[in-house]
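Student: I'd like to learn how to read sheets and ring pairs in a model. Could you walk me through one?

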Amino acid sequence: VTDDLFCMAAIPYVKKKKVTLARTNRVSAQTDKEGLGDISLTGRWRFWHDTYFDKHVGILGSVSLPTGDYDSALRGSPNVQLGNGAPGFTFGPLYSQHCGKFWFHTAATYKWNVENSDNYTYGDSFTYGFAAHFLPNTSDLLGFELDGETTYKNKYNGIKVMNTGRTALYASLVYQKRV
């Protein structure tokens with residue numbers, strides 16, 4: 001919208017498959033789900049920008065709308081669901097610093113998931129990251145990104161669901177060419 005305000009909408013199309021193997025390594029059950037997932041509306045507002053040192057601070061926010069199919073019969077298989085069945089809200093800070101041909105970024109967000117009508121709540125998540133980007137010219141970007149995520153356990157009727165929740169760390173090398 002402007003240099004200080006960014007808006008985005010994502011409408012995911014999801015295809016998921018769960019295969020259960022018997023002790024003999026033969027497929028004993030298979031669940032397939034395909035369709036639209038939860039729509040996400042995201043915004044970023046840069047509320048402070050220092051033009052002398054070229055750094056800025058902003059706020060990230062997102063709302064996920066329960067447009068994906070949540071099937072209560074598959075409550076025991078939350079990874080197969082196309083949607084959460086309830087909205088989710090994400091919020092957090094963003095900081096960027098420009099130093100010569102380098103950009104450094106860091107951000108952290110917290111996502112709060114609302115309990116759906118089936119008394120099931122997907123685990124809230126805390127996401128954090130750091131990125132260093134090198135821009136040798138106006139059309140090339142080369143970078144390193146390190147992101148982490150902690151997702152807390154899902155709950156059904158207020159009781160934690162086992163085999164849910166995780167902590168993950170992602171490292172990426174990125175290259176972008178602008179034409």
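This is a predicted model: local features need pLDDT of at least 70, side-chain atom pairs count only at pLDDT 80 or more; totals for chains, interfaces and linings use all residues.

Student: In what order do the 8 strands form an open sheet?

Tutor: Residues are numbered from 1 along each chain as its sequence is written, and side-chain values use heavy atoms, with hydrogens and water left out. Strands are DSSP runs of E, at least two residues, numbered from the N terminus, and two of them pair if DSSP finds at least two bridges between them. Here the order is 1-4-5-6-7-9-10-13, with antiparallel pairing. Strand 1 (5-10) and strand 13 (166-177) have a single partner strand each, so one side of each has no neighbour in the sheet.

Student: Over how many bridges do strand 9 and strand 10 pair?

Tutor: They pair over 10 bridges, in the antiparallel sense. One of the bridge partners is D147 in strand 10, which faces G129.

Student: How are the rings of F102 and F134 placed?

Tutor: Rings of Phe, Tyr and Trp (its six-membered ring) pair if their centres lie within 6.5 Å; planes under 30 degrees apart are stacked, over 60 edge-to-face, the rest tilted. The centres of F102 and F134 are 5.0 Å apart with planes at 40 degrees, so this pair is tilted. F102 lies in strand 7 and F134 in strand 9, so the pair ties together parts 32 residues apart in sequence.

Student: Are Y120 and Y122 buried or exposed?

Tutor: Both are buried (under 20% relative accessible area; exposed is over 50%, partly exposed in between, with a 1.4 Å probe and protein chains only). Y120 and Y122 also belong to one aromatic cluster with Y70 and Y156.

Conventions
Helices (H or I, at least four residues) and strands (E, at least two) are DSSP runs, numbered from the N terminus.
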